[in-house]
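Subject: Structure handover

Hello,

Here is the structure for you to look over. My notes follow below it.

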Amino acid sequence: MNAPRTYLDWNATAPLRPEARAAMIAALDLTGNPSSIHAEGRKARALVNDAREKVAALVGAASADVVFASGATEANATVMAGGWDTIFVSDIEHESVLHAAKATRARIVEIPVGHDGIVETGAIADEVLTGRHSLGRALITLQHANNETGIVQSVAEVAAFARAHGIAMHTDAVQTCGRLTVDVDALDVDYLSLSAHKLGGPKGVGALVLRNGAPLPNLLLGGGQERRRRAGTENITGIAGFGAATAAAKAEIATIDRQRLLRDRLEHHILAMTPDAVIIGRDVERLPNTTCVALPGGSAETLVIKLDLAGIAVSAGSACSSGKVGTSHVLRAMGTPPDLARAAIRISIGATTTADDVDRFLAAWTSITRTAAKAA
Ligand code: PMP
């Protein structure tokens, strides 16, 4: 029999929710193409529209403003490819934003980050108010919360500045959707990206939410799907799972403090057992489910492997860049000392994480750090 596993890597991907699984299984047997006008097609179309309404409800948007895509990577890439003259990009954005922005012809203005992980918005104001460069069509892209540290940014504040200066605003809300209340009107953003698999839906589907008739380039040309905004026969199985997961995730936001308590207990015990440990971003607003912790001098990769052998799944830095040796660009941008950055692991929990899971992690942490201390 396989030993039980403790999955503490929800920011990389969340387990599939039963509601999403059921919706996907039902969708697999729908024959129709949502673009067909016969009964089979209309049934598939109804499923897509129902999911669209659920995704729209999660972020307070109109359903017509939700464009389904293959994930947040595509949603981010689509916004970046919007023909901007200037893109303001924070140094801690997900690679799918950073690389896509830098691949355009836009002038890139990097927004630096303080040691606390909060972006230095003064740098945006300096660039805009000094008028050194003409901005042309400009975009600010600022993540809502970081996938590695959980640190939350003041998107609404930056968006207000953007609006006052005629600059478009995008936020990557992949990590906040389903954890914090995310509302496009309250955030006042023109574009918002989200991903199904981070909230218990399937991998390979996500959405870009638009506001105020924000323009959008067509990355994919072809049929007239998604109101001519994204060609290709809809991934109705994925979209059905996304919709079902979204509805369940929305209902769960009210109970997020349960995760916060578990996370706080985890951190409390880590610090009690290993007082040298540093919890990144502890003094600023963070996602309630995320801990980024470093034992100075240690190696995150080694720790992740030892924890894996002990039956526990966590990440070193961002899972999307794992396999790559090197420190996280996020911690580097924050000026985290290299020996700390190399040691940082991310523990991220979710709705089905239990106190036993946390205890199993703490037992493994104790035994691994004790053995390492003895060997040193
Ligand atoms: N943005 C953030 C903040 C993420 O954490 C991720 C997933 N690691 C993505 C974008 C990419 O999402 P997807 O996997 O749906 O392409």
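Glu226 sits in helix α8 (residues 225-228). Helices here are DSSP runs of H or I with at least four residues, strands are E runs of at least two, and both are numbered from the N terminus. This is a predicted model, where local features need pLDDT of at least 70, side-chain atom pairs count only at pLDDT 80 or more, and totals for chains, interfaces and linings use all residues. Residues are numbered from 1 along each chain as its sequence is written, and side-chain values use heavy atoms, with hydrogens and water left out.

Back to α8. Glu226 is not a glycine, yet has a positive phi of about 50 degrees. Arg227 also lies in helix α8. Its phi is positive too, near 55 degrees, and Arg227 is a residue other than glycine. Most residues other than glycine have a negative phi. Glu226 is buried, because its relative accessible area is 6%. Arg227 is exposed, because its relative accessible area is 60%. The cut-offs are under 20% relative accessible area for buried, over 50% for exposed and partly exposed in between (1.4 Å probe, protein chains only).

Next, the cores. A nonpolar core is a set of buried Ala, Val, Leu, Ile, Met, Phe, Trp, Tyr and Cys residues joined through side-chain atoms within 4.5 Å. The largest one has 65 residues, and Phe88 and Leu192 touch the most other members. Helix α2 (residues 39-58) gives the most to this core, with seven residues. Another core lies apart from it, with 23 residues, among them Leu262, Ala277, Leu295 and Ile349.

Leaving out residues up to four places away in sequence, Leu192 touches residues including Val59, His170, Cys177, Val182, Leu187 and Val209. Cys177 is buried, because its relative accessibility is 3%. Cys292 is buried as well, because its relative accessibility is 3%. The structure holds zero disulfides (pairs of cysteine sulfur atoms within 2.5 Å).

Two loop residues are worth a look. Thr176 is in the loop between β6 (168-172) and α7 (184-187). Thr176 counts as buried because its relative accessibility is 0%. Beyond its neighbours within four places in sequence, Thr176 is in contact with His144, Ala145, Val182 and Leu287. Asn33 is in the loop between α1 (18-28) and α2. Asn33 is partly exposed, because its relative accessible area is 29%. Asn33 touches Gly41, Ala44 and Thr233, not counting residues up to four places away in sequence. The C-alpha atoms of Asn33 and Val119 are separated by 45 Å, and the two are 86 residues apart along the chain.

Last, a pocket. α11 (300-309) and α14 (355-375) each supply at least two lining residues. α14 gives the most, with six residues.

Best regards

Key. Contact means heavy atoms within 4.5 Å.
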